[in-house]
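Hello,

I am handing over a structure for you to look at. My notes on helix packing and the nonpolar cores follow below.

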Amino acid sequence: MCCSKEVVMNQKSALNKESYASCLIVGIMALLCLFPFWVAVVNSFASENSVTLSGYSIIPKELSLDGYKYLLNNKGIMLLRSFGISFLIVIVGTAYTMFVTVCFAYAISQDRKDFPPANVLSFFSWFTTVFSGGVIPWYILCTRYYGLYNNLWALFIPSALNVFNMFVIRNSFKAIPKDLIEAARIDGASNLRIFLSIGLPLAKVGLVTIGLFTLLGYWNDFQLSLYLVNNSELFPVQKMLYTMMANISFLVSGCFCVVTCCAAYKHSENGYDCAYGIAGSICIPTCSEVFCKGHYGRCRKGIMRIIWVANQDAI
């Protein structure tokens, strides 16, 4: 008896050590995952000067709410509206996608004797993951034939069925014992009754998995709004942030171009070359008329002069 008690105590102590080590490892991994989020949140309260001089830090040296004041004063109404649209799309889109995906997955999980087109529909679903018609046919189909343009329907209807999630929940339905379904049919249960009382309760793990995937997918998605929404009042948060970052990048690049061109004009001995360089640096990427009129040589010379002057100023 004493030996058996000692063995049990040793096993418990070993399990406690393993559990403590597991908790420690999981805690460290959780802290590492939360670290970027912490840095982003904390530095949002840092002043512009401290971020410019010291960069991002774990604890900012100088606190400021100027960024939030500017955001709320200039984009407050748009931000609230975008958050409302995002939450609406997440709730409605997740419910709609779950309904379509679960119903389709349950249908193709049946045997051929119960539902003959099951294998055909399963093959066509898999075929779309390998071969796609492309973005342009998809865009024409959504805008011209379905009317999914500049409305809320365009933000969740095109993503109604995710094939990967559908196959996940189909495997959950296939794992249900056939004897249980046959017993329910013998008792007089209909297909809808079997689906609601047996299929859904036994596939909770798959439902939770695809529900989480769908919710995160709708929250992080901005491609549907990028392709199908042009009205700023219907922008979700992700599209609004994408637009703001694109505008900031454009302004920063434009300011750099203006500063460089001004420095080149100040140090240039030939104003015409500088003018041609400015015109060439702006127009060459988007306009081909410069090449057609025979001014390519002067544009190239002006651009080279601008680059040389910028390097001299940097030195």
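In which hand of crossing does α3 pass α6? The crossing is right-handed. Please keep in mind that this is a predicted model.

First, that helix pair. The axes of α3 and α6 lie 8 Å apart, at an angle of about 50 degrees. On the α3 side, the contact uses Thr101, Val102, Phe104, Ala105, Tyr106 and Ile108. On the α6 side, Asn165, Met166, Ile169, Arg170 and Phe173 take part. By class, that contact has eight nonpolar, two polar and one charged residues.

Next, α3 with α9. Their axes come within 9 Å and cross at roughly 145 degrees. This crossing is right-handed. Residues of α3 in the contact include Phe83, Phe87, Gly93 and Met98. They meet a set in α9 that includes Leu207, Ile210, Thr214 and Trp219. The classes here are eleven nonpolar, seven polar and no charged residues.

Now the cores. The largest nonpolar core has 19 residues. Val102, Met166, Ile169, Phe173 and Ile194 touch the most other members. Two or more residues each come from α3, α6, α7, α8 and α9. Another core, of nine residues, lies apart from it, with Ile89, Val90, Tyr218 and Phe235 among them.

Finally, Phe173. Leaving aside neighbours within four places in sequence, Phe173 is in contact with Val102, Ala105, Tyr106, Ser109, Phe195, Gly199, Leu200 and Ala203.

Best regards

Definitions and conventions: Residues are numbered from 1 along each chain as its sequence is written. This is a predicted model: local features need pLDDT of at least 70, side-chain atom pairs count only at pLDDT 80 or more; totals for chains, interfaces and linings use all residues. Side-chain values use heavy atoms; hydrogens and water are left out. A nonpolar core is a set of buried Ala, Val, Leu, Ile, Met, Phe, Trp, Tyr and Cys residues joined through side-chain atoms within 4.5 Å. Buried means under 20% relative accessible area, exposed over 50%, partly exposed in between (1.4 Å probe, protein chains only). Helices (H or I, at least four residues) and strands (E, at least two) are DSSP runs, numbered from the N terminus. Contact means heavy atoms within 4.5 Å. Axes are lines fitted to C-alpha atoms, for helices over the stretch in contact, and angles run from 0 to 180 degrees between N-to-C directions. A crossing is left-handed if the near helix is turned anticlockwise from the far one by less than a right angle, and right-handed if clockwise. Ala, Val, Leu, Ile, Met, Phe, Trp, Tyr, Cys and Pro count as nonpolar, Asp, Glu, Lys and Arg as charged, and the others, Gly among them, as polar.
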